[in-house]
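Thank you for making time for this. I would like to go through one structure with you, looking at salt bridges, aromatic rings and cavities in turn.

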Amino acid sequence: MAFTKLYRPPERKPKTFTTWQTLVLSYQALGVVYGALATSFLNVAVALELPNPSEDVLLGFVSIITWTTTLLVLVKYTFVVIQADDHGEGGTFAIYSLLTRHVNFKTKFTMQNTRLKSDESMRYYSGGSVLKSKTKKFLEGSVVAQSLITFLVLLATCMVIGDGVLTPSSCVLPALQGIVASSPKVTQGYVIAMSVAVLVALFAVQRYGTSKIAFTFSPVMVMWCVGNACIGVYNTLKYHPSMIRGVSPHYIVKFFQIDHKTAWNFLGTGFLSITGAEAMFADLGHFNKRSIQVAFLVWVYPSTIITYVGMAAFLLKNPDQVDNAFYASIPKSVYWPMFVVSTLAAIVSSQSMISASFSLIKQSMALDCFPRVKIVHTSSKHEGQIYSPEINYTLMVLCVVLILGFKDAQALTNACGVVVIWVMIITTCLAALVMLVIWDTNVLLICAFFVPCVTLEGIFLASMMRKIPQGGWVPYAISVVLLTIMLSWTYGRSRRSRYNAERKMSLAELNHTLAKGNIHRTPGICFFCTDLVNGIPPIIRHYLQNTNSVRQIMVILTLRTLPIKTVLPEERFIVGKLGIDGVYRCIVQFGYKDVMSMDGEDYLAAVVAKLQEVAETSAEREMLDLAIKDGAVFVMGRVVLQAGKNEGFVARWTINYIYRFIQKNCRSALMPLQLPMDNTMQVGMLYEI
């Protein structure tokens, strides 16, 4: 029986939201998505190096930040990249998944491909312009291009998470640093201790879920945006109202003409104003497009620009306060209330990258290129709102280590953003590819998007290279470790999939083996748990050859989690008969909020009842009834890969050491299942590749 069509995920139509639901989600998005963007001036103020700034220099400062935010956040992410989602999920993995559903990726080193042959004849997948067809044909025929795209996606994901480790530390520490300037009795040691305590508390509440956290954090971000906008207007009117002229882009050119070295160095600082932009796209699965767009346009964008204008106006009259620009610009009458709000906002700003890390790990697991970790769905209404305990506490430990290691806000800020710029460049390239191959956009519009974005991002990248020796190497090091894990896991899983595909049992071989006189059919039911959808896994051959025994009823069982809240009992099982009497195939379906239990007599009775629907004779039905009384056993396979001597040194080291170590220490694919432990056995098999 072919299960390809049955196993294919159901068509997912975009969920529609009312105006009220969109407004509620946009309010929540403030507390999850935009924390890093809305608090960017804390990092910019710490890293600012403008000795004795003149009016033209400060106008250039405002202009660079205004147009960087406008082009790379407002235009690129808010209106273009956010459209390249995959069933509501965002991030580089979502773009990759979208591409693999339209372009047939078939390299040896690639992620799980969910594309079906029947897709090629669908109108949505075929046709289009000549350029689209040629590009698609080139991608499908080029192993190098497919491998390069896969590598870039893995690299971008690792870099987002690598920078995400820095984000909580680099947000909380600068915020609490403000207390040192106003209270000399408070030493840096106290600030570090408070920062560690705040971060531990932040990661401890992640288990309560995005929705509860958002409703707690969103009021803080509203106060933060409104408060900073008011202070920005106040400072602008009080110190230099004409500073608003800085929104004109010609002041960027003027800034470089006056002092090109300072302007060039400032580009690296100016980029810190948009380092939370990638999280906006990665967090898409927690909300929806319209809510993220509304939150940015109504709250974050105007508040941010007004704050920078007010800060520049203040610095024009107080150039000696450059080292403490943000806190010094706050009027004394509201200093302490704003300090409290800024500390809370810094905590919120950490949330965007934490949530983005959860989403990216979930997407990478779905494509089978990250070791399995526990994923908890924290909402029954929104599938994308998730939490992972292992990832959460790993991030917490790394954040604490970074604060204890750097001990200084400026040193931490220097390390920020140096890898995110690579992610933005990769996202620009992937988005342009989607526009060409999937959306079939006019080539002039693609160039109008791609050329300005990649040019501007390339300039920022060149400017930020000087930060690598100053601490920027840290996110690179974290990214390399993550990339090693992901590449090793992806390579190992792809080799295992090839082994299964090449050596899986045919139906004729299974019938011939079971028909032999040396195979004893004992009473009862045996469930062989496997993740192979089509075909019979080699481990069944291994089991039969070494035990010469199997139950009278043998069911090859595959677990499937659907992108819906729950699966009705009558839709739980998809069954089919495989050749000889007593051998069946069964797919067990669960929703993401279902309890994955296969324990108890009720489960066994439900499976047998479904099997009886495909039974062809009364004798077969009677055999199924008798099998219930004799009980069931669950057989789980554990495969160990071993690279042969003919493999190269890198392949042997990757498979025999890195992949095997990861496999031993990660969760099994069947771990979420609740199986009767007394009736469960594990069969090991060595795959020599």
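Predicted model: local features only at pLDDT ≥ 70, side-chain atom pairs only at ≥ 80, totals over all residues.

Let me start with a question: is Arg245 buried, partly exposed or exposed? Arg245 counts as partly exposed, with a relative accessibility of 36%, where buried means under 20% relative accessible area, exposed means over 50%, and partly exposed is in between, with a 1.4 Å probe and protein chains only.

Residues are numbered from 1 along each chain as its sequence is written, and side-chain values use heavy atoms, with hydrogens and water left out.

Now to the partner of Arg245. Arg245 forms a salt bridge with Glu55, with the closest N and O atoms 2.3 Å apart; a salt bridge here is a side-chain nitrogen of Lys or Arg within 4 Å of a carboxyl oxygen of Asp or Glu. Because Arg245 sits in the loop between helix 10 and helix 11 while Glu55 belongs to helix 5 (residues 55–80), the pair ties together parts that are 190 residues apart in sequence. When I speak of helices (H or I, at least four residues) and strands (E, at least two), these are DSSP runs numbered from the N terminus.

In the whole structure the search finds ten salt bridges, and another of them joins Glu457 to Lys76, the closest N and O atoms being 2.5 Å apart. Glu457 lies in helix 20 (residues 443–464) and Lys76 in helix 5, so this pair ties together parts that are 381 residues apart in sequence. Glu457 is buried at 0% relative accessibility, and Lys76 is buried as well, with a relative accessible area of 0%.

A further salt bridge brings together the side chains of Glu647 and Arg495, at 3.1 Å from N to O. This pair links distant parts of the chain, with Glu647 in the loop between strand 7 and helix 26 (649–665) and Arg495 in helix 21 (residues 473–503), 152 residues apart. Arg495 is buried, with a relative accessible area of 9%. Lys577, Glu616 and Glu620, for their part, are linked in a network of salt bridges.

Let me turn to the aromatic rings. The structure holds 27 aromatic pairs, and the rule is that rings of Phe, Tyr and Trp (its six-membered ring) pair if their centres lie within 6.5 Å, with planes under 30 degrees apart counted as stacked, over 60 as edge-to-face and the rest as tilted. Trp224 and Phe326 make a tilted pair, because their ring centres are 5.7 Å apart and their planes are at 45 degrees. Since Trp224 lies in helix 10 (residues 210–239) and Phe326 in helix 15 (residues 325–328), the pair ties together parts that are 102 residues apart in sequence. Trp224 is buried at 0% relative accessibility, and Phe326 is buried with a relative accessible area of 4%.

Phe255 and Phe266 are also tilted, as their ring centres are 6.2 Å apart and their planes are at 50 degrees. Phe255 is in helix 11 (residues 250–258) and Phe266 in helix 12 (residues 260–270), eleven residues apart. Phe255 is buried at 0% relative accessibility, and Phe266 at 2% relative accessible area is buried too. One aromatic cluster includes Trp224, Phe326, Phe255 and Phe266, with Tyr308 and Trp336 among its other members.

Finally, how many cavities of 30 Å³ or more does the search find? There are four in the whole structure, a cavity being a set of points, on a 1 Å grid over the protein atoms alone, where a 1.4 Å probe fits but cannot get out, and lining residues being those with an atom within 4 Å of a point. The largest cavity holds about 80 Å³ of space, and its lining includes Asp163, Thr167 and Cys416. Helix 8 (residues 143–182) gives the largest share of that lining, four residues.

The second largest cavity has a volume of about 60 Å³, with Phe528, Ile540 and Val683 among its lining residues. Strand 3 (520–529), helix 23 (538–547) and strand 7 (632–642) each give two or more residues to that lining.

Note on methods. 1 Å grid on protein atoms, 1.4 Å probe; cavity = no way out; pocket = protein on both sides within 12 Å on 5 of 7 lines; lining within 4 Å. Points joined across faces, edges and corners; volume = space filled by probe spheres on them.
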